[in-house]
Amino acid sequence: MPAYWVARSKINDPVEYKKYTDLVPGIIAKFGGKVLARGGRFQIMEGPDKFQRFIVIEFPTFEQAVACFNSEDYTRASAFRRGGAGEVENVIVDGGDATK
């Protein structure tokens, strides 16, 4: 059953943040992930307008999504943004049975 990374980000330093975003697609692919939405047009319907970028990534399983986030490769890549280049909120959601 698929699982999804749902992330909101605010870019503070585009040059440093790009060092992170250049590495992430390859890391995600190693864990079977597929980007469904990244950047692009959005409209905040409720909640704070702090974030400028929204990302949805599908993984084959919840465990693969968690393993990707916790991997050494992702930890190294995210160090670029965690150093102040960006702020991110990331939630992993199990696809589950949407009829419940």
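I call a residue buried under 20% relative accessible area, exposed over 50% and partly exposed in between, using a 1.4 Å probe and protein chains only. By that rule Tyr 74 is buried, at 1% relative accessibility, while Phe 69 is partly exposed at 24%.

Ground rules next. This is a predicted model, where local features need pLDDT of at least 70, side-chain atom pairs count only at pLDDT 80 or more, and totals for chains, interfaces and linings use all residues. Residues are numbered from 1 along each chain as its sequence is written, and side-chain values use heavy atoms, with hydrogens and water left out.

**Helix H1**

I took helices (H or I, at least four residues) and strands (E, at least two) as DSSP runs, numbered from the N terminus. H1 covers residues 14-30, 17 residues in total, and reaches 25 Å from first C-alpha to last. That is close to the expected 24 Å, the expected span being 1.5 Å times one less than the number of residues.

I found a kink of about 30° at Val 24, shortly before Pro 25; the bend is the angle between axes fitted to the seven residues ending there and the seven starting there. Just after H1, Gly 32 has a positive phi of about 80°.

Which residues of H1 are buried? I noted Tyr 17, Tyr 20, Val 24, Ile 27 and Ile 28. The buried residues of H1 pack against several elements, including strand S1 (3-11) and helix H3 (72-85); contact means heavy atoms within 4.5 Å.

**Aromatic rings**

I paired rings of Phe, Tyr and Trp (its six-membered ring) if their centres lie within 6.5 Å; planes under 30 degrees apart are stacked, over 60 edge-to-face, the rest tilted. The count came to seven aromatic pairs. Tyr 17 and Tyr 20 make an edge-to-face pair, 5.4 Å centre to centre with 70° between the planes. They are three residues apart in H1, so about one helical turn separates them. Phe 69 and Tyr 74 are a tilted pair at 5.2 Å and 40°.

I also see one aromatic cluster made of Trp 5, Tyr 17, Tyr 20, Phe 59, Phe 69 and Tyr 74.

**Asn 90**

Asn 90 is in strand S4 and is partly exposed at 24% relative accessibility. Leaving out residues up to four places away in sequence, Asn 90 touches Trp 5, Val 6, Ala 7 and Phe 69.
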